[in-house]
Amino acid sequence: MRVETLIGLVYSAIGLVAYVLSMVATVALRKQIFSPAFMALYSIAAVVVNLATHVNTWILYRLRFEPNFAFYFELMSNPTFAFFKSIQLFCTNYYYFAQNACVFLLTLNRYTFWKTYKWNIIVIIHTISFGICLGARVVWHANADFVFDSTLPGYAIKNRPDSDLKPVMLAMGCYGAFMLVACSFMSDRSFTIITLLTFVAQAANILVVIITSVFYYQENTEGVKPLTAILPVTSDLFSLGPAVYALLVPGPIKSFYRELS
């Protein structure tokens, strides 16, 4: 197993434990501190979106280079499993949209109208996010195959000759930039440290996506290669970071465990 994979395995385990601990504390404090509206959103953002993103990123950006998992990519390369491969590749883009949508919704959580219309807003924002991603991939036939590359060594994600990933990358960059600017304008100066750290991770992830999009349009393959290595790291910071921040920085969750001890 590669050193990078071992390091990723360690911090993934730490992140998973952090999410379990933060969820336990959040549920315990739901009546005193956290509103039902916040609980609904936090559960979607933390448990569903962030962890699903992390698992998918692990499979596509870590295990592709592990010989012991070559069977999985051989299976996905079989035409019989073409549909499942397409779903996984779609999720690679969609989870990015969904994560940014969750940060946007967490920003809206502080407004009074959120309690009344929270489920309507959640459904609308996530439907828009899903629609943009699906449209960008379907209209421009963004599709790829897993191809073994002995120079890696491992499986590379190769775009098909009739596909175009540029519109998808452009959509990701524009969507992320819009959400980041919108969240910055809607948030007041009373940012908690946890929120600030989450925004920093979000900004780093969006910046890498935007630069990658520019390189794709310039067909600069040499520029894309190092960013492909960086993107899983910024994605992991965005996916696992919030739970770790909640346990380490001053706040209700850290205070909850301090009182228990």
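This is a predicted model: local features need pLDDT of at least 70, side-chain atom pairs count only at pLDDT 80 or more; totals for chains, interfaces and linings use all residues.
Some conventions before the details. Local features need pLDDT of at least 70 and side-chain atom pairs count only at pLDDT 80 or more, while totals for chains, interfaces and linings use all residues. Residues are numbered from 1 along each chain as its sequence is written, and side-chain values use heavy atoms, with hydrogens and water left out.

I start with helices α4 and α6. Helices here are DSSP runs of H or I with at least four residues, numbered from the N terminus. Helix α4 covers residues 82–108, helix α6 covers residues 166–186, and the two pack at an angle of about 10° with their axes 9 Å apart. That makes α4 roughly parallel to α6. The axes are lines fitted to C-alpha atoms, for helices over the stretch in contact, with angles from 0 to 180 degrees between N-to-C directions. Under 35 degrees counts as roughly parallel, over 145 as roughly antiparallel, 65 to 115 as roughly perpendicular, and the rest as oblique.

Contact means heavy atoms within 4.5 Å. On the α4 side the contact residues include F97, A101 and F104, and on the α6 side they include M172, Y175 and C183. By class, the residues of this contact divide into 14 nonpolar, 4 polar and no charged. Nonpolar means Ala, Val, Leu, Ile, Met, Phe, Trp, Tyr, Cys and Pro; charged means Asp, Glu, Lys and Arg; the others, Gly among them, are polar.

Now the rings. The structure holds 15 aromatic pairs, meaning Phe, Tyr or Trp rings (for Trp the six-membered ring) with centres within 6.5 Å; planes under 30 degrees apart are stacked, over 60 edge-to-face, and the rest tilted. F97 and Y175 have ring centres 4.9 Å apart and planes at 50°, so this pair is tilted. Because F97 lies in helix α4 and Y175 in helix α6, the pair ties together parts 78 residues apart in sequence.

Are these two residues buried or exposed? Both are buried: F97 has a relative accessible area of 0%, and Y175 has 8%. Buried is under 20% relative accessible area, exposed over 50%, and partly exposed in between, with a 1.4 Å probe and protein chains only.

S129, in helix α5 (residues 114–139), touches both F97 and Y175, along with Y94 and A101, not counting residues up to four places away in sequence. S129 is also buried, at 0% relative accessibility.

Next, the cysteines. How many disulfides does a search of the whole structure find? The search finds 0, where a disulfide is a pair of cysteine sulfur atoms within 2.5 Å. For C91, the closest cysteine sulfur is in C133 at 8.6 Å, too far for a bond. C183 is in no disulfide either, its nearest cysteine sulfur being that of C102, 11 Å away. C91 is buried at 15% relative accessibility, and C183 is buried at 0%.

Last, the other helix pair. The axes of α1 and helix α9 (residues 252–260) come within 9 Å and cross at roughly 90°, which makes α1 roughly perpendicular to α9. Among the residues in contact are L21 and V24 of α1 and F256 of α9. This contact has 7 nonpolar, 2 polar and no charged residues.

K31 sits in the loop between α1 (3–28) and α2 (36–61), and is exposed, with a relative accessible area of 75%.
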